[in-house]
Amino acid sequence: MSVALQLLIFCLAAAVSLATSYLLVTRLERIGERLGLSEALLGMVAALAADAPEITSAVTALAQHQQKVGAGVIIGSNVFNLAALLGLGGVVAGSIALHRRVVILGGVIALWVAAVCLVTTTGTIPPAAGLVAVLAVLVPYLVLLGAGARRLRRVPVARRWEGWLAVAISEEEQELEEVIRPPHGRRRDVFLAVAALLVVVLASVIMEQLGTSIGTHFGIPQIVTGGVLLAAVTSLPNAVAAVYLAARGRGAAMLSTTLNSNALNVAAGLLLPATITGLGPPSVHSVLIAVWYLGLTAAALAFAYRDGGVRRATGAFIIGSYLVFLGSLLATAHTAAPPAGLTVLPLLITGVAGAAGLARRPDRRARKPGRATGLPPGRPGGQPGDDPPAASSTTSDESRS
C-alpha cells in the first residue's frame with residue numbers, strides 16, 4: 001500500500017473515529033440519564049466514551065509490543081488535554097470561574113493518578129501495582145460521584161468529611177449541569193451505543209496501525225508518533241468541545257472533564273493493558289512526557305485554586321508550557337540518551353515561570369456574575385472561587401424527581 005493511500009485511509013479513519021465517538025458519548029449520556037446517574041457520574045461516563053479513540057489506539061499499540069507508541073498516546077494525550085481543554089478554554093473564555101472545593105476534590109485524584117503514572121513509567125513499580133494504586137482512589141471517587149450529595153450518608157465516610165464532600169460533589173454537579181442535560185434514553189440508544197463503540201474501536205485500530213506505519217516510513221520516532229500525532233488527533237473532539245463551551249461562557253465543566261478524562265486514560269488505556277502485556281524497559285522519552293504530565297497538572301491546579309478558576313493568563317501559560325514540552329520532545333526524540341540541557345532545562349524554566357506567576361498577587365477586581373465568566377448555574381455571587389452557602393448542596397437528584 002502506497003504512503004499516499006495510507007495517509008488518506010488514516011485521515012478517513014480519524015474522521016470516522018472522532019465523529020462516531022461523539023455519537024457514543026451522547027447515547028451513553030442518555031442511557032445514564034435513564035438509569036438515574038448523577039450529573040457528576042454522567043460526566044465520568046461521557047469522559048470515558050470520549051476517551052475511546054486514544055484508549056483503543058494505546059491498547060492496540062501495547063498489544064503489538066509498541067510500548068513507546070502506547071505510552072505516548074495516553075500520556076501525550078493527557079498533556080494535550082490540559083493545553084486544549086483548560087489552556088485554550090481559558091484563553092477563549094477570558095475567565096472560567098470554578099468552585100475551589102471541586103478543584104481540591106478532583107485535583108487530589110488527578111495528582112495521585114499522574115504521580116502513579118510517572119512512578120510506573122520509570123519502572124519503579126510494575127504496571128499491576130500502579131493499576132491497584134490508581135483504582136484504590138478512583139473507585140471510591142466513582143462511588144462518591146454515584147452517591148451524590150443527598151445520598152452520601154449511605155457511603156461509609158468519616159463524619160468530619162461528610163459535609164465537605166457533600167458540598168464539593170454538589171458544586172461539581174452544578175458545574176456539569178448546564179453542559180450535561182441529556183434526554184431519557186430508549187432501547188435504540190443501547191443498540192446505537194454498541195454499534196458506535198464497535199466502529200470507534202475498529203477505526204482507532206486502523207488509525208494506530210497506519211499512523212505507526214507512516215511514521216516508520218518517514219523515520220519518525222515512535223514516541224513522536226504516539227505522544228504527538230496520535231495523541232493530538234484522538235483528543236481533538238475534547239478540544240473542539242472545550243472551545244465551543246468556553247466561547248459561550250459554559251466552560252466551568254472543563255476542569256472536571258479534563259481531570260476525569262486523564263485519570264481514565266491512565267487506568268484503562270495504559271495501566272490495565274500494560275498489566276497484561278508489560279511496558280517494556282523504561283524509556284527516557286516516556287518518562288519525560290510523564291514528568292510534564294504531572295508538572296503541568298500540578299501547575300494548572302495551583303493556579304485554578306489560587307484564582308478560583310482559570311484566567312486568560314493561566315490559559316496562555318498552560319499553552320506555552322505545552323509548546324515548550326513539544327519542542328523538548330521533538331528535539332530529543334532521535335537521541336536515545338538526550339542531554340540534560342534539552343530535557344531538564346525546559347522543565348526548570350517552565351517551573352520557574354510558573355512559580356513566579358503563582359507568587360504574584362492575583363487580580364481580585366470584582367467581576368459581574370453571568371455566563372461570560374463561566375459561572376455555573378445557581379452559583380451565588382460573582383466572584384470566582386466564592387463558596388456557596390450550605391443551602392446550595394441541594395443536588396440535581398431532586399430537580400429530576
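This note walks through a surface patch and some aromatic contacts in a predicted model.

1. Met1 lies in the segment before helix H1, which spans 3-34. Met1 is exposed, at 64% relative accessible area, because the cut-off for exposed is over 50%.

2. Together with Leu5, Leu8 and Leu12, Met1 forms a nonpolar patch on the surface. The accessible area of these residues together is about 420 Å².

3. Now the aromatic rings. How many aromatic pairs are there? The count comes to four. One of them joins Trp292 and Phe325. Their centres are 5.9 Å apart, and the planes make an angle of 55 degrees, so the pair is classed as tilted.

4. Where do these two residues sit? Trp292 is in helix H12 (residues 284-307), and Phe325 is in helix H13 (residues 312-332). The pair therefore ties together parts 33 residues apart in sequence. Trp292 is buried, at 3% relative accessibility. Phe325 is buried too, at 0%.

5. Phe325 also pairs with Tyr322. This pair is tilted as well, with 5.6 Å centre to centre and 45 degrees between the planes. Tyr322 and Phe325 are three residues apart in helix H13, so about one helical turn separates them. Tyr322 has a relative accessible area of 10% and is buried.

6. Step back to the group. Phe80, Trp292, Tyr322 and Phe325 form one aromatic cluster.

7. The charged end of Arg100 sits over the ring of Tyr305, at 5.7 Å from the ring centre.

Methods:
Residues are numbered from 1 along each chain as its sequence is written. This is a predicted model: local features need pLDDT of at least 70, side-chain atom pairs count only at pLDDT 80 or more; totals for chains, interfaces and linings use all residues. Side-chain values use heavy atoms; hydrogens and water are left out. Patches are made of residues with over 30% relative accessible area and no salt bridge: like charges are joined within 9 Å, nonpolar side chains (Val, Leu, Ile, Met, Phe, Trp, Tyr) within 5 Å. Accessible areas come from the Shrake-Rupley method with a 1.4 Å probe; for residues, only the protein chains shown count as cover. A salt bridge is a side-chain nitrogen of Lys or Arg within 4 Å of a carboxyl oxygen of Asp or Glu. Helices (H or I, at least four residues) and strands (E, at least two) are DSSP runs, numbered from the N terminus. Buried means under 20% relative accessible area, exposed over 50%, partly exposed in between (1.4 Å probe, protein chains only). Rings of Phe, Tyr and Trp (its six-membered ring) pair if their centres lie within 6.5 Å; planes under 30 degrees apart count as stacked, over 60 as edge-to-face and the rest as tilted. A charge sits over a ring if NZ of Lys or CZ of Arg is within 6 Å of the ring centre and within 35 degrees of the ring normal.
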